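Please look over the chain below before reading on; the paragraphs that follow begin with one side chain, widen to the whole fold, and then return to a few individual residues.

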Amino acid sequence: MNALPQSPTPPRLAGSRVVVVGASKSGVAMARFLMSRQAAVVLTDAKPAAALGPEVAALGRAGAKLELGGHDASSFAAADLVAVSPGVPLTIGPIVEAKKQGVRVTGEIELASWFLKGLLIGITGTNGKSTTTALTAHILSRAGLRATACGNIGLPLTDLIEKDTPDHYYVIELSSFQLEGIDTFRPWIAALLNLAPDHQDRYESEVPYYQAKSRIFRNQGRADHAILNRDDAEVWSLSKDLKAHVHPFSRAATVEDGACLKGDRIVVRRDGRDIRAIPLASIPLFGAHNVENVMAALLITDLCGVPLPRAERALAGFRGLPHRLEPVRSIGGVTWYNDSKATNVSATIKSLETFPGGVVLILGGKDKGGDFTQLVPLIKRRVTHLVLMGQARDVIAAQIGAVVPTSKVADMKEAVEAARAAAAEGGVVLLAPACASFDRYSGFEERGEDFRRLVLSLPPGS
């Protein structure tokens, strides 16, 4: 194993004035940690107190100053540090003004990295990063190593500081929003799975979004490792400028030092030599795109010293994450799949590519500025009926056109009913919305649970 990069010397927090922006899970975690280090914390959120969880009120009782329902720019200007939750754009006025006045602004991942002594593994990409993060941590843990899946997958990195040890592997799912807030964060291993337009409601084009994703590599050196998708032109174009040792993975080409396919097997190769071949049939995950996720996880765990036979055994016991191409039930000769995590167009494309045809596709939700016309070729070939719901249904209908029979519905209940009526025996109903869920739900999880509940409540023989 190569020598690991040293974490930067953390700043002194005791007695400092810190504004935490955003009272979501990450913001609450930061505030709690900062207060444990005797910082004077202001927790601010544009939402009123009634819209926030009980953890926020508890922080207020513990001594944090709460500024809710809006931001007080004077608090930002008086701060020694502004710590920003990933859901808050760094372009809001009080943050911009604080920067102009020389106040240090940082994100949750950056803040946590100042204090962690363990090994940092960063995983990002437009799609597949949650599955790859969970799978990597699963393999490491099954191999007897201390490993935790954290970050965008739901567990703030800051919450792990108090029980940190140098031998702990932190497998961190990183969103573009989180990567915007890094400065010195340096993962020993960094993986970029793929790039496709997303979050176009936050970014003016795909360029700044791709730039945010590529920040995962910015502080890596020669002792570090970068894992890149050789088949993704946008991703692979970064390889020539990286200082870290590059390990490609590919479903389309043979690579010298990485992972690729040989017939019906994944092969891990080092210096042009095959180290281990793993049959595709042994992968317990559905969908061709998951082959790429498995390749990335195998490369990461191999670098961490896990023998590939042990990794293969651990892989066999991995059951995947909810709401990612999750089979719900088969009824009346129709199989229903929940891919609520497909929150952008490229994710829906990957989902659709899994099925040869006969698909009733449920699309819609909150539009993130996606280009739904990219779905048209696949819809023509593989979809028999479209069900459009939510805030984006008319936008989707206008972009896709009348390429297949289409139903417009008001909500998930009507979507399930319309899909049931349209599905033919031997076919598939697929929830892969290509949109965010926030027009009606708290997140893709709640949307997927609603879909699952409705499908499981269908009477036998439907």
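Which backbone oxygen lies 2.8 Å from a polar atom of the side chain of arginine 447? In this predicted model, that oxygen belongs to serine 340, and a further backbone oxygen, that of cysteine 435, lies 3.1 Å from a polar atom of the arginine 447 side chain. Arginine 447 itself is part of helix α16, which covers residues 444–456.

Along the principal axes, the C-alpha trace spans about 65 × 55 × 35 Å. Of the 462 residues, 55% count as buried, and among contacts between residues at least 6 apart in sequence, 65% join residues at least 24 apart. The accessible surface comes to about 18,700 Å², with 50% of it belonging to carbon and sulfur atoms.

Aspartate 271, in the loop between β13 (265–270) and β14 (273–279), has a positive phi of about 55° although it is not a glycine. Histidine 323, in the loop between α11 (308–316) and β15 (326–331), likewise is not a glycine and has a positive phi, of about 70°. Is each of these residues buried or exposed? Aspartate 271 counts as exposed because its relative accessibility is 73%, whereas histidine 323, with a relative accessible area of 4%, is buried.

Finally, alanine 40 is found in strand β2, which runs over residues 40–45. With a relative accessible area of 45%, alanine 40 is partly exposed, and, not counting residues up to four places away in sequence, it touches Ser16, Arg17 and Val18. The C-alpha atom of alanine 40 is separated by 55 Å from that of proline 279, a residue 239 positions apart from it along the chain.

Methods:
Residues are numbered from 1 along each chain as its sequence is written. This is a predicted model: local features need pLDDT of at least 70, side-chain atom pairs count only at pLDDT 80 or more; totals for chains, interfaces and linings use all residues. Side-chain values use heavy atoms; hydrogens and water are left out. Helices (H or I, at least four residues) and strands (E, at least two) are DSSP runs, numbered from the N terminus. A polar contact is a pair of N or O atoms within 3.5 Å; within protein, one must be able to donate a hydrogen and the other to accept it, and residues adjacent in sequence count only if both atoms are side-chain atoms. Buried means under 20% relative accessible area, exposed over 50%, partly exposed in between (1.4 Å probe, protein chains only). Contact means heavy atoms within 4.5 Å. Accessible areas come from the Shrake-Rupley method with a 1.4 Å probe; for residues, only the protein chains shown count as cover.
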